[in-house]
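My notes follow in the order I took them.

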Amino acid sequence: MQIVKLFNAMPGAVAQGMIWGLLAIGVYITYRILEVSDLTVDGSIATGGAVAAMLIINGWSVWAALLAAFVAGMLAGLVTGLFHTFCGIPAILSGILTQLALYSVNLRIMGNKANVALSVNKYSLLLSSRNARAIGLQNPIVILVLFVAALILLLYWFFGTELGCSLRATGANRNMARAQGINTNTNTVLGLMISNGIVALAGALLAQYQGFSDVGMGRGAIVIGLAAVIIGEVVLGKVFRNFGLKLLAVVIGAILYYLVIQVVLWLGLNTNDLKLLTALVVAMFLATPYWRAKYFSKKKGGV
Amino acid sequence: MLKINHIAKTFNPGLITEKTALVDVQLHLNPGDFTTVIGGNGAGKSTMLNAVAGVFPVDKGTIEIGGENVTNLPEFKRAQYLGRVFQDPMTGTAATMNIEENMALAMRRGQRRGLKWGISNMEREMYREQLRKLDLGLEDRMASKVGLLSGGQRQALTLLMATLRTPKLLLLDEHTAALDPKTAAKVLELSDKIIREQKLTALMITHNMQDAIDYGNRLIMMHEGRVVVDVEGEEKKKLTRADLMGLFEKAAGQQLNSDKLLLS
């Protein structure tokens with residue numbers, strides 16, 4: 001266990017954390033703002049990766065490919081949203097259905113291959129893990145900081161608009177929202193679209209970063225997204241009150257998550273056990289508020 | 001202003017949980033009518049209000065608000081004509097949003113919501129003025145989350161929000177029932193004041209017979225999904241609780257069960 005190895009892995013962990021932080025912002029929009037648990041994420045991140053990889057290979061510019069990935073993610077969100085609102089299927093199931101369907105769709109997008117290579121040697125990509133420790137503008141962290149900042153600013157603006165406020169109201173209290181003339185169904189669909197668009201964008205960046213797109217790259221993505229949201233809230237919830245800062249906390253949560261992962265790997269954890277560990281950690285954090293209320297609340301008189 | 005023509009509603013038809021809530025409700029309100037609604041549990045009071053608000057579609061009959069047939073309009077579209085305050089203080093406001101944001105949402109009831117900033121400084125001043133009138137000190141807490149307010153404060157705020165944009169019809173669904181007596185009286189006074197000042201047409205459900213007699217210019221009593229008593233004007237002014245019970249017995253054709261009516 002050389003400490004140098006750990007330090008060498010840190011920049012990569014930060015970059016990866018920031019990409020997953022973008023995804024986590026998408027998760028935050030559904031899970032925290034819209035109060036919907038959306039499992040589409042596992043599929044839509046791979047969709048984003050697949051769309052971007054194929055388009056870049058076919059000569060599209062990276063920016064056009066990113067935009068296309070965003071749109072593809074929004075379509076995935078639209079499908080989940082329609083399952084949920086128009087077909088009356090519970091949100092969780094709607095997401096699972098779309099996620100399952102996307103597996104086939106993603107294979108189709110990648111020409112019936114499970115894996116498509118996207119080498120930074122052959123194509124001009126926005127970022128690559130190869131430059132994770134480079135000093136200078138080619139370092140992926142530079143472009144990712146710009147992405148994170150732009151996305152947070154854009155969302156800060158959007159959720160302050162009349163439309164954005166109505167979306168927040170939809171999540172906060174659907175009865176109240178309808179009584180104020182807000183179409184909660186439309187808003188739920190819109191929220192799911194925005195969320196999955198961002199998730200797919202993260203997928204498009206991830207495919208470039210890791211140098212390939214894989215049909216299975218989204219497995220457990222929702223759990224990592226939730227982990228980032230929760231870690232961000234636990235660590236910075238008391239300090240960051242402003243909406244923009246809350247989104248930043250989510251990204252920081254994702255970075256912390258990847259740093260911790262690097263440490264446990266360095267300590268000798270088998271990579272195959274990572275998902276088990278992640279699931280357990282997230283389960284514990286999700287259970288904490290319930291336990292706190294049930295077993296540790298100071299009971300004031302009576303039961 | 002409101003025309004309810006022979007509406008009927010049965011929940012869960014054909015199931016073991018089938019429940020006929022409205023049998024045949026007929027009610028016309030004139031502009032400016034402040035009508036109190038009383039009746040026992042399960043009489044259909046809340047169901048009638050929710051039918052007007054469009055929470056669910058009715059099985060039969062039509063509903064007109066201000067001359068427009070709204071029977072087939074979804075809840076969020078009917079909202080443009082309606083101000084609503086609910087029994088549960090949690091229902092009428094968004095707890096995780098602050099006071100001014102809640103008011104800004106209410107201010108845009110029935111308007112298109114676009115990409116303009118959700119709340120302007122000019123509005124803010126107006127909201128502060130309005131809140132000052134409530135005399136609850138809320139004008140100094142406009143950036144506080146509504147979840148931090150007491151039930152009474154939330155109901156007062158909901159009332160203000162419901163009337164920020166003058167509604168064609170104000171629906172008050174036992175909006176003081178969850179409050180302590182002192183706060184309830186205060187919120188009721190406030191409701192009366194707003195209804196008078198803005199000359200609103202209002203329907204107010206209450207479990208309190210005395211309140212039903214004291215407030216409004218018209219009183220209806222419901223029983224088993226029908227309107228069985230309807231008094232207004234001078235006749236209502238002279239009404240006593242004993243009269244009401246007499247009317248009810250005559251209309252319902254049975255001995256009044258005081259438990260059912262929750263007299264107070």
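I started with a bridge: B:Ala8 has B:Lys60 as its partner, in strand 4 of chain B. Strands here are DSSP runs of E with at least two residues, helices are runs of H or I with at least four, and both are numbered from the N terminus. Two strands pair if DSSP finds at least two bridges between them.

This is a predicted model, where local features need pLDDT of at least 70, side-chain atom pairs count only at pLDDT 80 or more, and totals for chains, interfaces and linings use all residues. Residues are numbered from 1 along each chain as written, and chains are lettered from A and ligands numbered from 1 in the order written.

**Confidence.** I read ipTM 0.92 and pTM 0.93 for the model. Chain B has a mean pLDDT (the predictor's confidence in each residue, from 0 to 100) of 92, and 95% of its residues reach 70 or more.

**Strands 1, 4 and 5, chain B.** I found strand 1 (2–11) antiparallel to strand 4 (60–65), over five bridges. Strand 4 also pairs antiparallel with strand 5 (68–69), over two bridges. There, B:Glu64 is bridged to B:Asn69. The hairpin of strands 4 and 5 has two residues between the strands, and B:Gly66 takes a positive phi near 55°.

**Open sheet, chain B.** Which order do the six strands take? I read 6-7-8-3-9-10, with mixed pairing. Strand 6 (82–85) and strand 10 (226–232) are the edges, each pairing on one side only. Strand 3 (34–39) runs parallel to strand 8 (202–205) over four bridges. One of the bridges joins B:Thr35 to B:Leu203.

**Helix 2, chain A.** Residues 41–57 make up this helix of 17 residues.

**Chain contact.** I checked residues in contact (C-beta atoms, placed from the backbone, within 7 Å). Chain B gives 25 residues and chain A gives 20. On the chain B side, helix 3 (99–107) and helix 2 (75–78) each give two or more. Helix 3 of chain B gives the most, with four.

Technical notes:
Two residues are in contact if their C-beta atoms, placed from the backbone, lie within 7 Å. The expected span of a helix is 1.5 Å times one less than its number of residues.
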